[in-house]
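Welcome! Here is a friendly walk through one protein chain, taken a few elements at a time. Keep the view open beside the text as you read.

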Amino acid sequence: MLGVVTPCSLASLSNPSTSSLEHLSLIDNQLPSLISTIELERLIHLRSLSLEFCDFTSDMCRLLACGDRTPLHRLSLLLNGAALDVKPLDGTATEDDWKALVRHSTNLRVYIMAMDVCSQDLLRVLKPSVPLERIHLDSYSTLVTDGVVELILQQYHKTLSQFILMRDDAGFPDLSVNRNEDPLVLLAWRCVHLAVLIIHGKWRF
């Protein structure tokens, strides 16, 4: 019931409740963020977390990498391109932050859903150390470039199990134009754990 959740809601939880909480989902496009690093510090046994990508700050990532916390197993992040003007990517987790988190949470798997995010911003958030298992690119007014697909197959070919690319527009890119190899074909070939590949929209092979 995110409609009734405020930034003060987690602060009202008792210590026994926060210390036993293992799963938390706070995806609501609200300003400000529904959770702060201070409140997250109380959730020492958290194993699964879902929130806005822009709310996953460098401080938050470093906190989750602390040795006295239960390792995180699942992290789901929503990146909304329409909200980046008011919730910028500045201050989000850096490559070094991700490396520290993965060292502590060795079994961590990340799911990213990007809605109408331009390729420039996607290239910025797809850090090499992110243990990306699933990615959903929902691009109805922006264009996913071959550079984004190539980066995904280069960096996450050992971890990626699900790739979804959605577009309902005649301008869907022909990723194989003037190329010998289609990056989507290469992605399907090189990502050894890929189990789900969904391409939806009007495009040319």
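Predicted model: local features only at pLDDT ≥ 70, side-chain atom pairs only at ≥ 80, totals over all residues.

A residue counts as buried when its relative accessible area is under 20%, as exposed when that area is over 50%, and as partly exposed in between. With that in hand, look at strand S1, residues 23–26, where the side chains alternate.

**The overall plan**

The chain has 205 residues, and 47% of them count as buried. Seven helices and seven strands make up its list of elements. In sequence order they follow the pattern α-β-α-β-α-β-α-β-α-β-α-β-α-β. How much of the contact between residues at least 6 apart in sequence joins residues at least 24 apart? For this chain the share is 77%.

Back at S1, the strand pairs with S2 (residues 48–52) in the parallel sense, over four bridges. S2 itself is mostly covered, with five of its five residues buried. S2 also runs parallel to S3, and five bridges join the two. Here leucine 49 has leucine 75, in S3, as its bridge partner.

S3, which spans residues 74–80, also takes part in a cavity: it gives the most to the lining of the largest one, with three residues. How many cavities of 30 Å³ or more are there? The count comes to three.

**Rings and a charge**

Next come the aromatic side chains. A pair of aromatic rings is described by the distance of the centres and the angle of the planes. The structure holds one aromatic pair. Phenylalanine 56 and tryptophan 98 form it, with 5.4 Å from centre to centre and 50° between the planes, and the pair is tilted. This pair links distant parts of the chain, 42 residues apart: phenylalanine 56 is in the loop between S2 and helix H3 (58–64), and tryptophan 98 is in helix H4 (residues 95–104). Are these two residues buried or exposed? Both phenylalanine 56 and tryptophan 98 are buried.

Another ring has a charged neighbour. Arginine 134 lies over the face of tyrosine 111, at 4.2 Å from the ring centre.

In H4, the buried residues are Glu95, Asp97, Trp98, Leu101 and His104. Their cover includes H3, S3 and strand S4 (109–115). In helix H6 (residues 146–155), the buried residues are Val148, Val149, Leu151, Ile152 and Leu153. What covers them includes helix H5 (119–125), strand S5 (132–138), strand S6 (162–166) and helix H7 (183–190).

| Residue | Relative accessible area | Class |
|---|---|---|
| Leucine 184 | 6% | buried |
| Aspartate 116 | 25% | partly exposed |
| Asparagine 107 | 53% | exposed |

Leucine 184 is found in helix H7. Why is leucine 184 classed as buried? Its relative accessible area is 6%, and the class takes in values under 20%. The C-alpha atoms of leucine 184 and leucine 197 are separated by 9.4 Å, with the two residues 13 apart along the chain.

Asparagine 107 lies in the loop between H4 and S4. With a relative accessible area of 53%, asparagine 107 is exposed. Asparagine 107 and proline 131 are 24 residues apart in sequence, and their C-alpha atoms are 8.8 Å apart in space.

Aspartate 116 lies in the loop between S4 and H5. Most residues other than glycine have a negative phi. Aspartate 116 has a positive phi of about 50°, although it is not a glycine. At a relative accessible area of 25%, aspartate 116 is partly exposed.

Terms used:
Residues numbered from 1 in each chain as written. Heavy atoms only, no water. Buried < 20%, exposed > 50% of the residue type's maximum accessible area, 1.4 Å probe, protein only. Contact = heavy atoms within 4.5 Å. Pairing = 2+ DSSP bridges. Phe/Tyr/Trp six-rings, centres within 6.5 Å; stacked < 30°, edge-to-face > 60°. Lys NZ or Arg CZ within 6 Å of the ring centre and 35° of its normal. 1 Å grid on protein atoms, 1.4 Å probe; cavity = no way out; pocket = protein on both sides within 12 Å on 5 of 7 lines; lining within 4 Å. Points joined across faces, edges and corners; volume = space filled by probe spheres on them.
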